[in-house]
Amino acid sequence: MPDTQHIHSAFGRPLEDLIACPSCDALYVARMPETGGRAVCDRCHTVLIAPKRKAGLRIIALTLAVLILVVSAMFFPFLDIHRLGLGNSASILDAATAFSSGPMAALGLGTAAMIVIVPLIRMLLILYVLTPIVFDRQPFAQARRAFRWSQELKPWAMAEIFAIGCAVALVKVADLAQIGFGPAFWMFSVLVVIVLFNDNYLCTWSVWKSLETPKNRG
Amino acid sequence: MEIPGNSEEPRLTAREAGLVACRACARVWTPDHDRCERCGARLQSRDTGSLQRVWAWWVAGLTCYIPANLYPMLVTDTLMQETSSTIVGGAVEIASHGAYGIAAIILIASVLIPIGKFLAIAFLAISARRGSHVAPQKRQHLYEVVEFIGRWSMIDVFVVAILSALVQLSSVASIQPGPAALTFALSVVFTMLSAQSFDSRLIWDTARRNRRDRTT
Ligand SMILES: [Zn+2]
Ligand SMILES: [Zn+2]
């Protein structure tokens with residue numbers, strides 16, 4: 001087993017130049033790949049660094065678009081339904097509050113959090129972190145904590161899963177009644193596409209590098 | 001990526017280099033740090049409590065999954081009748097109408113995938129301690145699949161939420177959520193937490209330890 005001496009002679013680099021694979025702990029000397037390229041862990045194939053051209057500005061633009069879509073989608077009807085002359089339409093908030101009685105209220109709260117609140121918080125955190133970086137300013141206070149939280153919340157933001165859920169719901173009641181899509185459904189469909197693109201643009205290593213202020217180096 | 005050393009040799013890990021890596025931001029530190037100075041995440045060379053937490057959430061998830069299958073997910077009121085359907089019951093009913101494809105999708109999403117997830121996490125946790133003949137690359141891949149698929153199981157709960165909000169046509173037809181919606185949601189959340197608790201670096205440690213045992 002090599003000791004600390006060995007590593008410094010083998011790599012000959014200060015610790016801040018190294019990168020350890022979060023999945024398998026393999027140690028590398030970090031080197032930015034060309035823009036558009038990817039640095040991949042050769043042991044477990046986790047993507048470690050993947051810088052994209054003008055990523056910061058694009059992420060900010062896309063995140064603002066998602067923010068506007070989610071907020072406006074909340075107030076428009078999502079799906080509407082007709083049968084025997086009776087009709088009803090449901091917004092996203094109606095879906096989130098569908099579980100309202102007793103222990104089901106907790107489920108309603110959880111649903112609202114996963115389809116609206118957590119995605120919104122994540123977007124605000126990302127804007128808070130990236131805006132100063134993109135415009136070459138000093139990062140805002142607590143930006144690093146904000147970015148870590150935005151990454152930890154990622155699996156719990158389920159807006160896109162909700163959108164697919166609508167399609168399934170449609171199939172399930174197709175023989176019960178007629179269903180139509182409201183404007184919010186189309187907003188959410190656009191949102192799903194943007195969310196997928198956005199996550200693809202964000203290179204966390206590049207962001208962490210930008211947030212590393214000189215006083216923390218070395 | 002610069003790859004120091006001979007690529008034939010097993011890759012040096014941060015732990016073997018006497019360093020501790022941050023899993024949140026990939027920065028490495030000397031072992032005297034207990035929090036990452038860059039992102040503030042807690043540092044642990046190997047998360048020793050990891051497997052206990054994996055099993056605790058796993059048991060909680062399985063406990064919630066059983067009632068999720070016994071109680072109704074949806075209660076449908078139409079002019080003629082009130083029907084409540086469990087996950088499997090709903091799929092059987094759809095199949096009896098001839099829609100075998102949709103019935104199969106429901107069975108795969110709500111039965112096969114959750115059970116597969118429980119088995120996969122159990123296998124990963126056991127093999128992380130005991131070692132396994134399955135190559136670490138394959139186990140890492142399995143772990144990534146479990147993490148990816150985990151959140152998609154929530155789709156069932158969202159469908160129930162959408163239907164209960166939408167299908168409220170007074171006496172003609174209305175749909176209410178059943179108790180299984182709650183336990184199924186809890187089961188999905190607990191299974192996600194179980195998978196997140198797993199420290200995937202353990203997969204690679206046992207693989208390397210086994211290889212060393214064999215060569216010496
Ligand atoms: Zn790796
Ligand atoms: Zn860190």
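1. UniProt, in an unreviewed entry, places the feature "transmembrane region" at residues 54–74, 94–127, 148–169 and 181–204 of chain B. Such annotations may be inferred rather than shown by experiment, and positions follow the numbering used here. The model is predicted: local features need pLDDT of at least 70, and side-chain atom pairs count only at pLDDT 80 or more, while totals for chains, interfaces and linings use all residues. Residues are numbered from 1 along each chain as its sequence is written, chains are lettered from A in the order in which they are written, and side-chain values use heavy atoms, without hydrogens and water.

2. Two of these spans in chain B deserve a look. Residues 54–74 of chain B are 81% helix and 5% strand, with end C-alpha atoms 31 Å apart. Residues 181–204 of chain B are 88% helix and 0% strand, with end C-alpha atoms 37 Å apart. Helices (H or I, at least four residues) and strands (E, at least two) are DSSP runs.

3. Chain A is assigned domain 1 (4–49) and domain 2 (55–212); the bounds come from an automatic or database assignment. Their C-alpha centres lie 33 Å apart.

4. Seven residues of domain 1 of chain A contact four of domain 2 of chain A (heavy atoms within 4.5 Å). The two domains of chain A bury about 420 Å² between them, 70% of it on carbon and sulfur atoms (accessible area lost on being put together, 1.4 Å probe, summed over both). Glu16(A), Met32(A) and Ile49(A) supply 66% of the area that domain 1 of chain A buries there.

5. Salt bridges across this interface of chain A number zero (side-chain nitrogen of Lys or Arg within 4 Å of a carboxyl oxygen of Asp or Glu).
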